[in-house]
Amino acid sequence: MNTNAQHTSGHVVIGVDTHKHVHVAAVMDTIGGILATLTIPTDTGGFRQLLDWATSFGSVLAFGIEGTGSYGATLASFLRRAGHKVVEAGRPDRRLRRMNGKSDTLDAENAARAVLAGFATATPKSADGEAEMIRQLKIVHDQAVEQRTAAMVTMKAMLVHAPDPLRNETAGKTQIALARHLAGLRPRQLDAPEDALRHALRTLAKRWQYLDTEARDLTKMIADLVHRAAPQLLEPFGIGVDTAAEILVVVGDNPERIKSEAALAKLAGIAPVPTGSGMTSGRHRINHGGHRQLNAAIYRTVIVRVRFPPEQCS
């Protein structure tokens with residue numbers, strides 16, 4: 001099966017390029033290089049086939065998987081439950097891609113090389129507890145809030161062209177009061193633009209009310225999960241449910257994968273990046289990488305804390 005057995009160590013790493021319907025894997029021996037590749041379907045049967053195939057080459061040191069937070073999440077969970085080490089392989093190096101081209105097989109081989117060379121070391125999130133539940137609810141919550149805002153903006157824009165009586169009735173109202181008033185419109189005919197406008201405003205108002213109820217319900221569910229998963233996050237001054245939820249989503253259900261405060265700072269994009277060169281040293285610049293939502297949540301917390309005296313924030 002393996003014609004290069006005499007030149008192999010029996011210790012291998014597996015690189016996997018993930019897709020929606022198929023995954024492509026490459027096995028790399030620590031001294032023998034790339035030994036073989038395999039394409040599997042993205043179901044439990046395919047995952048078992050990959051595992052049996054990988055272990056047939058020797059002792060598997062680690063699986064390097066691209067996209068452990070998307071297409072590779074199910075495979076990563078399966079391999080973790082089977083007792084194997086899983087590493088986030090990340091995106092292929094652009095310079096190598098320009099030089100060597102791109103294919104699923106090459107991406108799988110590059111993932112294996114990144115793990116063996118020590119470039120890929122990040123432990124993916126386990127996605128099996130409250131943090132994953134919060135993440136899923138936040139996706140829907142954030143979309144509901146975005147669409148609710150869009151509905152209100154559209155309502156106010158359309159009111160600019162409304163008749164004077166309707167504009168006077170809605171002037172100065174809060175968003176909730178405005179939506180309630182417009183949802184109570186009773187247009188009975190469709191003979192003129194004013195009639196169509198009333199139908200449109202009524203529809204938008206009902207949509208806003210539905211999205212508002214949906215967002216509030218999801219907010220309560222997220223708050224319950226945050227209190228259940230990490231109530232201590234809410235104790236420091238300036239950290240609310242939204243910020244705590246964002247922290248939990250980024251850290252995941254296996255926080256031990258983040259080894260230090262410095263690692264968390266880098267993950268959040270708040271660790272300065274050194275820029276010393278030549279005759280200069282000790283210079284740094286702002287880190288423009290990291291998780292932008294977590295970065296924004298920490299920024300909001302800092303802004304809240306600087307508005308109050310230090311003794312109140314302690």
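Val306 is found in helix α11, which spans residues 292-306, where helices (H or I, at least four residues) and strands (E, at least two) are DSSP runs numbered from the N terminus. The structure is a predicted model, in which local features need pLDDT of at least 70 and side-chain atom pairs count only at pLDDT 80 or more, while totals for chains, interfaces and linings use all residues. Residues are numbered from 1 along each chain as its sequence is written, and side-chain values use heavy atoms, with hydrogens and water left out.

**Surface patch**

With a relative accessible area of 61%, Val306 is exposed; here exposed means over 50%, buried under 20%, and partly exposed in between, with a 1.4 Å probe and protein chains only. Together with Tyr299, Val302 and Ile303, Val306 forms a nonpolar patch on the surface, the four having about 390 Å² of accessible area together. Patches are made of residues with over 30% relative accessible area and no salt bridge, with like charges joined within 9 Å and nonpolar side chains (Val, Leu, Ile, Met, Phe, Trp, Tyr) within 5 Å. The areas come from the Shrake-Rupley method with a 1.4 Å probe, and for residues only the protein chains shown count as cover.

**Nonpolar cores**

A nonpolar core is a set of buried Ala, Val, Leu, Ile, Met, Phe, Trp, Tyr and Cys residues joined through side-chain atoms within 4.5 Å. The largest such core has 22 residues, of which Ile14, Leu50, Trp53, Phe63, Ile65 and Leu79 touch the most other members. At least two residues of this core are supplied by each of β1 (11-18), β2 (22-29), β3 (33-41), α1 (44-55), β4 (59-65) and α2 (73-81), and the largest share, five residues, comes from α1. A second, separate core of 16 residues includes Leu178, Ala179, Leu204 and Ala205. In soluble globular proteins, nonpolar side chains tend to be buried together.

Contact, taken as heavy atoms within 4.5 Å, gives a more local picture. Not counting residues up to four places away in sequence, Trp53 touches Ile14, Ala25, Ala26, Val27, Ala36, Thr37 and Leu38. Val12, placed in strand β1, is buried with a relative accessible area of 0%. Leaving aside neighbours within four places in sequence, the residues in contact with Val12 are Val27, Met28, Asp29, Leu35, Ala54, Phe57, Ser59, Val60, Leu61 and Ala62.

Leu178 and Ala179 are also among the buried residues of helix α7 (residues 175-183), which include Leu182 and Ala183 as well. These residues are on the same side of α7 because they cover an arc of only 125 degrees around the axis, the arc being that of the directions from the helix axis to the C-beta atoms. The cover over the buried residues of α7 includes α5 (130-159), α6 (164-170) and α8 (193-229).

**Salt bridges**

A salt bridge is a side-chain nitrogen of Lys or Arg within 4 Å of a carboxyl oxygen of Asp or Glu, and by this rule the count comes to ten.

| Salt bridge | Closest N and O atoms |
|---|---|
| Arg135 and Glu132 | 2.8 Å |
| Asp142 and Lys138 | 3.6 Å |
| Glu246 and Lys138 | 3.6 Å |

Arg135 and Glu132 are three residues apart in helix α5, and so are separated by about one helical turn; Arg135 is partly exposed at 28% relative accessible area, whereas Glu132 is buried at 16%. Asp142 and Lys138 also lie in helix α5, four residues apart, about one turn of the helix. An α-helix has 3.6 residues a turn, so residues three or four places apart point the same way.

Lys138, Asp142 and Glu246 are linked in a network of salt bridges. Because Glu246 lies in helix α9 (residues 241-251) and Lys138 in helix α5, their pair ties together parts that are 108 residues apart in sequence.

**Separations across the model**

Gly32, in the loop between β2 and β3, counts as partly exposed at 28% relative accessibility. The C-alpha atoms of Gly32 and Ile139, 107 residues apart along the chain, are separated by 44 Å. For Val12 and Lys173, 161 residues apart along the chain, the separation between C-alpha atoms is 67 Å.
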